[in-house]
Amino acid sequence: MSDTLTPDPTARADDRPALSPHVALKRVVMLVNPLSGSVGPRAADEAKAILADYDLDATVLTLDGANFEQSIDDAFAAKPDAILVLAGDGTARSVATKAKPDGPMIAPLPGGTMNMLPKALYGTPDWKAALKLALEEGASQPVSGGEVQGEYFYCAAILGSPALWAPAREAIRTGKVKLAVQYARRALKRAFSGRLRFKLDGGEKRRTEALVLISPMISKAMEDPIGLEAAAMDPSDTSQAFRLAATALFSDWRHDPAVSTRPAKLIEVRARSKIPAVIDGEPILLKSDAVIRFIPKAFKALAPLPPAAEGSL
């Protein structure tokens, strides 16, 4: 379902909020998935009301099971200056991946559960506030990331045993205790006991319990996009392993003696069985032989300068 919004010709230009001076915004398309974690059934109408206040040619497309992929294709076919995405983390990641560096600017608004990318760009869990920031202060800025087996990520990827616990930890954070217990039981059943073998930029082969790859945009340790920050988590015993699984990616994790980090552009990882991973909050299972590539310019984001980088790792 789509609605094209025509600016009110009777409205005075000085009564409207000013669009960003950093980019030319004339036509935008907004994709809304009302079934996503924090969106809701009224979001499309609320988005139309907000967009109608601006001097824009704006179209709102509602994503549902029947027309999901077609609506995304339609958004790109319209050749807008920007595509605004109010949906889950996976959908936002897919749209950004489809845009590539030469496509329209993408504004991934916080509509999912973890909202890793929106928080990094806008610093707020409120999609309406993020939308206004994008429209009024947004600039075109390249976002770097990584790619593994056709899956792209723009914040972080966790490979190895701690990835099994990530969904449980997120459920606890959002107060869903019963769901957390279910995830924890699933993690125990799928226990990944094998260690990872990895090489950074063709260097020496090393072993580790888990490998975390962090994009320059949200890495506290990197100021320039020279690669992914590769953090090897190498606990010496079971108690350390559980501690790292519980505290990975919190503020003091780099100081843990079981962690070592360095930037890398090409990361080769092997294991005896398939590798559990979390890619920008989405759990996936990788093949036992994986290659992760750094992508210096993955897509263009419509976001304030500099990025908010809330939740930097």
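Tutor: Happy to; we will talk about the cavity and then the nonpolar cores. This is a predicted model, where local features need pLDDT of at least 70, side-chain atom pairs count only at pLDDT 80 or more, and totals for chains, interfaces and linings use all residues. Residues are numbered from 1 along each chain as its sequence is written, and side-chain values use heavy atoms, with hydrogens and water left out.

Student: Which elements give two or more residues to the lining of the largest cavity?

Tutor: A cavity is a set of points on a 1 Å grid over the protein atoms alone where a 1.4 Å probe fits but cannot get out, and lining residues have an atom within 4 Å of a point. The lining includes Asp89, Ala92, Arg93, Met116, Leu117 and Pro118. With helices taken as DSSP runs (H or I, at least four residues) numbered from the N terminus, the elements are α3 (89-99) and α4 (116-122).

Student: Which residues touch the most other members of the largest nonpolar core?

Tutor: Such a core is a set of buried (under 20% relative accessible area, 1.4 Å probe, protein chains only) Ala, Val, Leu, Ile, Met, Phe, Trp, Tyr and Cys residues joined through side-chain atoms within 4.5 Å. Leu109, for one, is in contact (heavy atoms within 4.5 Å) with partners beyond four places in sequence, including Met30, Leu84 and Trp127. Of the 66 residues in the core, those touching the most other members are Met30, Leu51 and Leu109.

Student: How far apart in space are Gly160 and Pro276, C-alpha to C-alpha?

Tutor: Gly160 is buried, with a relative accessible area of 0%. In sequence, Gly160 and Pro276 are 116 residues apart. In space, their C-alpha to C-alpha distance is 5.5 Å.

Key: 1 Å grid on protein atoms, 1.4 Å probe; cavity = no way out; pocket = protein on both sides within 12 Å on 5 of 7 lines; lining within 4 Å. Buried < 20%, exposed > 50% of the residue type's maximum accessible area, 1.4 Å probe, protein only.
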